[in-house]
Amino acid sequence: MKQRVITGALVALILIAVLVQGRFWLDIALGFIAVLAAYELCRAVELTRRRLLFAAVVAAVVVLRALSMHSSMYSLFLFGYMTVLFLFCMTGLAAFSDVTAALFITVYLGFFEFISHIRGMQDGYLLVWLVFLCAFATDTFAMLGGKFLGRHKLCPKLSPKKTVEGSVCGFLG
């Protein structure tokens, strides 16, 4: 618990610094986080063993972050990426379940772009804080609810300490 508090405080300080600096540094930080998240998600579904698909996911996340949703190239790249994944599946280079996981991870991490868009809106500086405060509150309620009420494991293979009760508390919090 002590380690979590220290890590949380450090992350909060970094978050404050990034948000105060403006949208450019937020975009850089989101890109870094997206690549780390891609690795973690790929590892969770054992996609890191399939080096070609893993490389495709990481490359797609980097390119999509660089293009941003403002660019008309964003949709074109996403279509091309989906076509490449389809060809992986059709030629036997990857199983359908692996291709589906790769596509899901890429699209899921594309939602990070919305944080950048919120920051660019009028009063976005304040609105983006709301996004992070809601996420922090959800995580805190889930952790405390799981710690004090947790009895039933949610998904032991992926995350052995997460409980059904903790996820309900996180949702309600």
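**Entry 1: Ala102**

I started with Ala102, which sits in helix 5. For my notes, helices (H or I, at least four residues) and strands (E, at least two) are DSSP runs, numbered from the N terminus. This is a predicted model, so to speak of local features I need pLDDT of at least 70, and side-chain atom pairs count only at pLDDT 80 or more, while totals for chains, interfaces and linings use all residues. Residues are numbered from 1 along each chain as its sequence is written, and side-chain values use heavy atoms, with hydrogens and water left out.

Is Ala102 buried or exposed? I found Ala102 buried, at a relative accessible area of 0%. My cut-offs are under 20% relative accessible area for buried, over 50% for exposed, and partly exposed in between (1.4 Å probe, protein chains only).

Next I listed what Ala102 touches, skipping residues up to four places away in sequence: Leu47, Leu53, Val57, Tyr81 and Leu85. Contact here means heavy atoms within 4.5 Å. I also checked Ala102 against Gly120: 18 residues apart in sequence, they are 29 Å apart in space, C-alpha to C-alpha.

**Entry 2: helix 6 and Ser116**

Which residues of helix 6 are buried? I wrote down Phe112, Glu113, Ile115, Ser116, His117 and Arg119. These buried residues pack against helix 1, helix 2, helix 3, helix 5 and helix 7.

I took a second look at Ser116 in helix 6. Ser116 counts as buried, at 1% relative accessibility. Leaving aside neighbours within four places in sequence, I see Ser116 in contact with Arg23, Leu26, Asp27 and Leu30.

A reminder to myself: an α-helix has 3.6 residues a turn, so residues three or four places apart point the same way.

**Entry 3: the cavity**

How many cavities of 30 Å³ or more does the structure hold? I get one. The largest cavity has a volume of about 70 Å³.

My terms: on a 1 Å grid over the protein atoms alone, a cavity is a set of points where a 1.4 Å probe fits but cannot get out, and a pocket is an open set with protein on both sides within 12 Å along at least five of seven lines; lining residues have an atom within 4 Å of a point. Grid points are joined across faces, edges and corners, and a volume is the space filled by probe spheres set on the points.

The lining of the largest cavity is made of Val61, Leu64, Arg65, Tyr74, Thr106, Leu109, Gly110 and Glu113. Helix 3 (51–67) and helix 5 (96–110) are the elements that give two or more residues to this lining. By class I get four nonpolar, two polar and two charged residues. I count Ala, Val, Leu, Ile, Met, Phe, Trp, Tyr, Cys and Pro as nonpolar, Asp, Glu, Lys and Arg as charged, and the others, Gly among them, as polar.

**Entry 4: the pocket**

The largest pocket holds about 2300 Å³ of space. It is lined by 46 residues, and Arg4, Ala135, Phe136, Asp139 and Lys162 lie nearest its centre. Which helix gives the most to this lining? Helix 1 does, with 11 residues. Sorting the pocket lining by class, I have 27 nonpolar, 12 polar and seven charged residues.

**Entry 5: the strands**

Strand 1 (153–155) and strand 2 (159–163) each supply at least two residues of the pocket lining. The two strands pair in the antiparallel sense over two bridges; strands pair if DSSP finds at least two bridges between them. Opposite Ser159 in strand 2 I found Cys155.

**Entry 6: cysteines**

How many disulfides are there, taking pairs of cysteine sulfur atoms within 2.5 Å? I count zero. For Cys134, the nearest cysteine sulfur is that of Cys169, 17 Å away. Cys134 is partly exposed, with a relative accessible area of 43%, whereas Cys169 is buried at 19%.

**Entry 7: positive phi**

Glu46, in the loop between helix 2 and helix 3, has phi near 60 degrees, a positive value in a residue other than glycine. Glu46 is partly exposed at 32% relative accessibility. Asp123 also has phi near 60 degrees, and its place is the loop between helix 6 and helix 7. At 51% relative accessibility, I logged Asp123 as exposed.

Key
A disulfide is a pair of cysteine sulfur atoms within 2.5 Å.
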